[in-house]
Amino acid sequence: MEQSKLEKLNTLYEKLADTIAEEQIDRLEGKGYAVGKHYANCEKKLMVVGKTFSFEDTEFWGPLQHITEHFLGQHSPEWMEHVAWSSLYKLIPRDGSKLSQELMEQQKELCKEIICAELELLDPTHVLFLTGWTGIWDFDLPIASLLKGETLEGVGQTESGALLMVTRSNVRQLEGKFVHDIMDCIKSYEK
């Protein structure tokens with residue numbers, strides 16, 4: 001079963017690469033998903049999705065470390081190894097420049113399918129989108145309620161029952177408030 005889910009995902013990645021013009025593809029790099037080595041053994045599985053996630057996005061590390069440690073119920077120097085990571089947009093400029101609206105539009109339809117296939121394959125119990133509502137607006141995710149909080153902009157649930165949380169795309173706010181709001185949402189969901 002897992003093999004067929006992986007094959008489906010790989011087919012979608014290949015289709016995405018085929019949609020981009022040859023002269024443009026050399027200037028892009030692919031962003032698939034990454035899974036920490038302890039993720040599969042976690043009872044609660046957290047998947048973090050950025051608009052174009054990069055491990056160089058260190059502004060997220062502090063809040064994500066605290067959320068993951070609260071989530072796991074323990075301090076862990078290997079907290080990143082308990083999380084799955086992904087990006088909404090799978091092709092980004094190799095030179096580190098900002099993702100253009102044109103490139104987002106070119107890949108959006110297939111990226112919708114890809115993110116759903118990743119959710120199916122990775123089977124998280126909780127998904128944290130660090131994208132802002134406008135980042136996922138066209139992704140047709142099952143977001144049931146829009147919020148006007150300082151941290152969360154939307155909450156929903158997948159068919160498999162995973163909690164979906166959408167945070168403001170700019171998390172440069174007080175780290176404690178960000179962590180507190182996310183943890184409150186998780187606790188409310190688990191009741």
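Buried, for a residue, means having under 20% relative accessible area. Keep that cut-off in mind as you look around this structure, which is a predicted model.

## A strand that's tucked away

Let's start with strand 4. Val83, Trp85 and Ser87 point one way from this strand, while Ala84 and Ser86 point the other way, and all are buried. Since 5 of the 5 residues of strand 4 are buried, the strand is largely enclosed by the rest of the structure.

What does strand 4 pair with? Strand 3 is joined to strand 4 by 5 bridges, and these two run parallel. Look for Gly50, which stands opposite Ser87 in strand 4. Strand 2 (residues 34-35) also joins strand 4, through 2 bridges, but here the strands run antiparallel. In that pairing, Ala34 has Trp85 as its bridge partner.

Now for the inside. Nonpolar side chains tend to be buried together in soluble globular proteins. In this model, the largest nonpolar core has 34 residues, and Met47, Leu88, Val127, Phe129, Ile136 and Phe139 are the ones with the most contacts inside it. Several elements supply at least two residues each, including helix 1 (2-18), strand 3 (46-50), strand 6 (126-130) and strand 9 (163-167). Helix 4 gives the most, with 10 residues.

Setting aside residues up to four places away in sequence, Phe129 touches Val49, Leu88, Ile136, Leu141, Leu164, Met165, Val166 and Thr167. Apart from this core there's another one, made of 22 residues, among them Val48, Leu64, Phe178 and Met183.

## Rings that meet

How many aromatic pairs are there? The count comes to 2. Trp79 and Trp85 make an edge-to-face pair, 6.1 Å centre to centre, with 65 degrees between the planes. Why does Trp79 count as buried? Because its relative accessible area is 6%, which is below the cut-off of 20%. Trp85 is buried too, with a relative accessible area of 4%.

Tyr89 and Phe139 form an edge-to-face pair as well, at 5.5 Å centre to centre and 85 degrees between the planes. Tyr89 sits in the loop between strand 4 (83-87) and strand 5, and Phe139 in the loop between helix 5 and strand 7 (143-146), so this pair ties together parts that are 50 residues apart in sequence. Tyr89 counts as buried at 3% relative accessibility, and Phe139 is buried with a relative accessible area of 1%.

There's also a lysine to spot beside a ring: Lys44 lies over the face of Phe71, at 5.6 Å from the ring centre.

## A kinked helix

Go back to helix 4 and follow it along. You'll find a kink of about 55 degrees, centred on Lys108. Just after the helix, Asp123 takes a positive phi of about 50 degrees.

## A hairpin to finish

Is strand 8 (residues 152-157) mostly covered or mostly open? It's mostly covered, with 5 of its 6 residues buried. Strand 8 pairs with strand 9 in the antiparallel sense over 5 bridges, and Gly154 stands opposite Val166 in strand 9. The hairpin of these two strands has 5 residues between them, and there Gly161 takes a positive phi near 100 degrees.

Notes
Residues are numbered from 1 along each chain as its sequence is written. This is a predicted model: local features need pLDDT of at least 70, side-chain atom pairs count only at pLDDT 80 or more; totals for chains, interfaces and linings use all residues. Side-chain values use heavy atoms; hydrogens and water are left out. A nonpolar core is a set of buried Ala, Val, Leu, Ile, Met, Phe, Trp, Tyr and Cys residues joined through side-chain atoms within 4.5 Å. Buried means under 20% relative accessible area, exposed over 50%, partly exposed in between (1.4 Å probe, protein chains only). Helices (H or I, at least four residues) and strands (E, at least two) are DSSP runs, numbered from the N terminus. Contact means heavy atoms within 4.5 Å. Two strands pair if DSSP finds at least two bridges between them. The bend at a residue is the angle between axes fitted to the seven residues ending there and the seven starting there. Rings of Phe, Tyr and Trp (its six-membered ring) pair if their centres lie within 6.5 Å; planes under 30 degrees apart count as stacked, over 60 as edge-to-face and the rest as tilted. A charge sits over a ring if NZ of Lys or CZ of Arg is within 6 Å of the ring centre and within 35 degrees of the ring normal.
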